[in-house]
Amino acid sequence: MVVYRNAQNTHRPTKSSLTLVIKVGTSSICDEKTHYPLLGNLSRIVETILELKRKGHRIVLVTSAAVGTGLRRLNLNEKPGKLAAVQAIAAVGQGRLMSMYDDLFGQFNQPVAQILLTRNDLADRSQYLNAVNCLEQLLDMGVVPIVNENDTISVSEIKFGDNDTLSAITAGMVKADYLFLMTDVDCLYTDNPRTNPNARPVHVCEDIDALREEITVTSPGSALGTGGMVTKLVAADLATAAGVTTVITRGSRPESILPIIADEKGAPAHTRFVAKPQPLIDRKWWILHGLHTAGTIVIETNVGESIADGAARSGSSGASLYAHSVTKVEGNFVEHQAVRLVVQHTDNGVTDFVTVAKGIVNYSAAEIVRIMHARESDIIDSLGYKDADCIIHRDNMATSL
């Protein structure tokens, strides 16, 4: 299978008015050593967004650099290791960062809005929909939403992990046509072009899983940032699953976005990840990417049964998951939390665990352990009550196969 190629991709948005999410990394905003803002880059980003808006497009900006900006403001040389200190620095830097954006956009009378998110904000369905409605309303009002993770209160359990992931989730929330991941290289390469002269550029990718097997992406990102090319592949996977065409290109040349979306010949180098032709619907997307995974339910395949057969029997292929299919429960979750559904498959003495779905449970971990071999009619005998016939209803399950 060819997973990267130089040919032009024909599966791309052609609407005259597009919704674009542009993610700008720390290395495009702050100098890695001095932490001073790169005002030239920021000005080009602002001018590009204004030009896109003049052409009728709707823009969401996802920005990093709260910590980098805070370090400069506090005259600190490097990011500390203590979480509370990093959160405090981010609190200082976020205000300064928004002030810079507001000043630059304000020169052109363009209103902006600050949106600070954690994964926990999206875990509740009503809060998720409120965030979606707020973003949509801002775009309808002609405002440029500026999104960042709320680093001041984020901890590992509720962090998106990096702003590449946040930008992909944001793109899914606003049903964007394009997600642009602006970075410090022209495009994705098969290896690090700085150390391997034989590294080849990847221009178009239609199969991210196959691509991962043929490239090497181990760079952790800059000293100030949290990402790297690995996180951009994850973001591209999330965004394309939601039907969003994803592009990696150089952050110091944001004006390249214009010829890329116009599909002009001679457009600057970039990598285009083709959107899935059948994207996940909104609720399924929210379950997979908006909810914190609180635990794991394991289904073991029968003798001679394939992983696909086990997944089908578990319910991840469209049916609900019932207690009699469960063989193991991991984690201390409660009802209405999200868990991953894993198929355990043993073949010739080798055991594999494959995640096949994610869903919202009707029972807690302790309750599932008590009823996991019971028939539906026996649940009330095992627990003394029955809140639901199944462990996960099919409407609350999203496949990840």
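Here are questions and answers on a predicted model.

Me: How many helices and strands does the protein chain have?

Reply: The chain counts 401 residues, and buried ones make up 51% of them. Among contacts between residues at least 6 apart in sequence, 75% join residues at least 24 apart. The secondary structure comes to 13 helices and 16 strands.

Me: Why is strand β3 described as largely enclosed by the rest of the structure?

Reply: Strand β3 spans residues 58-63. Buried here means under 20% relative accessible area. The strand is largely enclosed because the residues that are buried number 5 of the 6.

Me: Which residue of β3 is the bridge partner of Ile22?

Reply: Strand β2 covers residues 19-24 and runs parallel to β3. The two are joined by 6 bridges. In β3, Ile22 has as its bridge partner Leu61.

Me: What is the handedness of the β-α-β crossover from β2 to β3?

Reply: The chain leaves β2 and passes through helix α1, residues 39-54. It then reaches β3. This crossover is right-handed.

Me: Which residue of β5 is the bridge partner of Val62?

Reply: β3 also pairs with strand β5, residues 144-149. These strands run parallel, with 2 bridges between them. Within β5, the bridge partner of Val62 is Val147.

Me: Which elements do the buried residues of α2 pack against?

Reply: Helix α2, residues 66-73, is mostly covered, with 6 of its 8 residues buried. Those buried are Ala66, Val67, Gly68, Thr69, Gly70 and Leu71. They pack against α3 (83-106) and β5.

Me: Which residue with a positive phi follows α2?

Reply: Helix α2 takes in residues 66-73. The residue with positive phi comes after the helix, and its phi is near 55°. That residue is Asn75.

Me: How much space lies in the largest cavity?

Reply: A probe the size of a water molecule, rolled over the atoms, shows where empty space is left. The structure holds 1 cavity of 30 Å³ or more. The space in the largest cavity is about 30 Å³.

Me: How many nonpolar, polar and charged residues are in the lining of the largest cavity?

Reply: The lining includes Cys205, Glu206, Asp207 and Ile208. Thr240, Phe273, Val274 and Lys276 also line the cavity. Glu, Asp and Lys count as charged, while Cys, Ile, Phe and Val count as nonpolar. By class, the lining has 4 nonpolar, 1 polar and 3 charged residues.

Technical notes:
Residues numbered from 1 in each chain as written. Predicted model: local features only at pLDDT ≥ 70, side-chain atom pairs only at ≥ 80, totals over all residues. Heavy atoms only, no water. 1 Å grid on protein atoms, 1.4 Å probe; cavity = no way out; pocket = protein on both sides within 12 Å on 5 of 7 lines; lining within 4 Å. Points joined across faces, edges and corners; volume = space filled by probe spheres on them. Buried < 20%, exposed > 50% of the residue type's maximum accessible area, 1.4 Å probe, protein only. Helix = DSSP H or I, 4+ residues; strand = E, 2+ residues; numbered from the N terminus. Pairing = 2+ DSSP bridges. Right-handed = clockwise from strand over helix to strand, strands pointing away. Contact = heavy atoms within 4.5 Å.
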